[in-house]
Amino acid sequence: MVKTVMACKRYIETAGMRLSNGEIIYTDPLNADTDGDGLKDGEEIIPQFKFVNSSSIGLSGVSCGICFNMLSDPTIRDTDGDGLYDKEDPYPKTFNTYIRYNRKTVTDYCDRYYMNPNTSSFAYFESGDCANFVSQCINAGGISMNDDWYFYSEGIKILFWYIYENYSSSWTVAYDNYKYFKENKSISNGQVIEFNSVQDMQNAIKNNEYNIQAGDLMYMQWEYDHPHHATIIDGIDYEKSTLTYSGHTDPRNHDDVIEKFWNNNPNGKLYIIHINEVIITS
């Protein structure tokens, strides 16, 4: 059976695969990844079975036909020519502009400003600066402000409040910050990694279950019914199976999340959002 399937596969690749527009694609039957872009040919072009009325060709009943749907070109590493190999391009058939997220710049910013806030460029909110600091960190990593996520000026401070401020709640409020990056599919994949216990987190790290990296966002919950404290991951300790993080308002830098969070909040939760390596800008 296996030999039959392989022979059929070789025949199809050699004879060519017809797309719905009539174009025929040929791939190398001896190479699972013809163009070397990191995607197997079968991930770039997939068969589509169509049932058609056969009366038009003198047959009765319904016949099954097959054509192929090309998600990306298996013969070209960069289908749309935008400089991204198809494997890392979320839109491989559409030319896009993009930036690469610089995780080293993010952690450098954490190291530099966790203790002494960057007040030359941003405000420091004494009553709660966690999301503001996280936003600054990922902005340093290359993610640009936009109409929904921005900080331009701190406004006029009266006691503990600012009026005429020019910053968004998604920049400065932890829960709004969480929702913004969760829902922004050009920056994250829209998935949230949830850990309900220290054991959940340690097992995931031991098994390398998720692609958690320094520069990813980590939100904490120990009261309320949603994440309410924003931090940024600045390292993964595989020996201890734990994460380290930076943050405000209390200055944190390379702090062990087990020691600083789980030990004090055994019933708390962590929410991690992975930032894409490549971020589409247009």
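Figure 1. Strands (E, at least two residues) and helices (H or I, at least four) are DSSP runs numbered from the N terminus. The model is predicted: local features need pLDDT of at least 70 and side-chain atom pairs count only at pLDDT 80 or more, while totals for chains, interfaces and linings use all residues. Residues are numbered from 1 along each chain as its sequence is written, and side-chain values use heavy atoms, with hydrogens and water left out. E13 and E14 run antiparallel and are joined by 3 bridges; two strands pair if DSSP finds at least two bridges between them. The two strands form a hairpin with 4 residues between them.

**Figure 2. An open sheet of 6 strands contains E13.** The strand order is E10-E15-E11-E12-E13-E14, with antiparallel pairing. Strand E10 (193–195) and strand E14 (252–256) are the edges, each pairing on one side only. Direction ignored, neighbouring strands are turned by 30° against each other on average. Strand E11 (residues 217–221) pairs with E12 in the antiparallel sense over 4 bridges, and Tyr219 stands opposite Ala230 in E12. E12 and E13 also pair in the antiparallel sense, over 5 bridges, with Ile232 opposite Ser246 in E13.

**Figure 3. E13 is mostly covered, with 6 of its 6 residues buried.** Buried means under 20% relative accessible area, exposed means over 50%, and partly exposed lies in between (1.4 Å probe, protein chains only). In a regular strand the side chains alternate between the two faces of the sheet. Thr242, Thr244 and Ser246 point one way from E13, whereas Leu243, Tyr245 and Gly247 point the other way. Residues on both sides of E13 are buried.

**Figure 4. Ser241 sits in the loop between strand E12 (229–237) and strand E13 (242–247).** E12 and E13 form a hairpin with 4 residues between them. In the turn, Ser241 has a positive phi of about 55°. Ser241 counts as buried because its relative accessibility is 4%. Not counting residues up to four places away in sequence, Ser241 touches Met201, Gln202, Ile205, Lys206 and Ile258; contact means heavy atoms within 4.5 Å.

**Figure 5. Helices H7 and H4 each lie against strands of the sheet.** Helix H7 (residues 198–206) lies across E10, E12, E13 and strand E15 (269–273). H7 runs at about 110° to E13. H4 packs on the sheet by touching E11, E12 and E13, and the direction of H4 makes about 50° with that of E12. Axes are lines fitted to C-alpha atoms, for helices over the stretch in contact, and angles run from 0 to 180 degrees between N-to-C directions.

**Figure 6. H4 is mostly covered, with 9 of its 11 residues buried.** The buried residues of H4 are Cys130, Ala131, Asn132, Phe133, Val134, Ser135, Gln136, Cys137 and Ile138. Just after H4, Gly142 takes a positive phi of about 115°.

**Figure 7. The axes of H4 and helix H6 (residues 174–183) come within 8 Å.** The two axes cross at roughly 35°. On the H4 side, Cys130, Ala131, Val134, Ser135 and Ile138 take part; these residues meet Ala174, Asn177 and Phe181 in H6. By class, this contact has 6 nonpolar, 2 polar and no charged residues. Ala, Val, Leu, Ile, Met, Phe, Trp, Tyr, Cys and Pro count as nonpolar, Asp, Glu, Lys and Arg as charged, and the others, Gly among them, as polar.

**Figure 8. Trp149 lies in the loop between helix H4 (130–140) and strand E6 (151–153).** Trp149 is buried, since its relative accessible area is 0%. Leaving aside residues up to four places away in sequence, Trp149 touches Ser135, Ile138, Asn139, Ile143, Ser144, Ser168, Ser170, Trp171, Asn177, Tyr180 and Phe181. The side chains of Trp149 and Ser135 are joined by a polar contact of 3.1 Å. A polar contact is a pair of N or O atoms within 3.5 Å; within protein, one must be able to donate a hydrogen and the other to accept it, and residues adjacent in sequence count only if both atoms are side-chain atoms. The C-alpha atoms of Trp149 and Ser169 are separated by 7.7 Å, and these residues are 20 apart along the chain.
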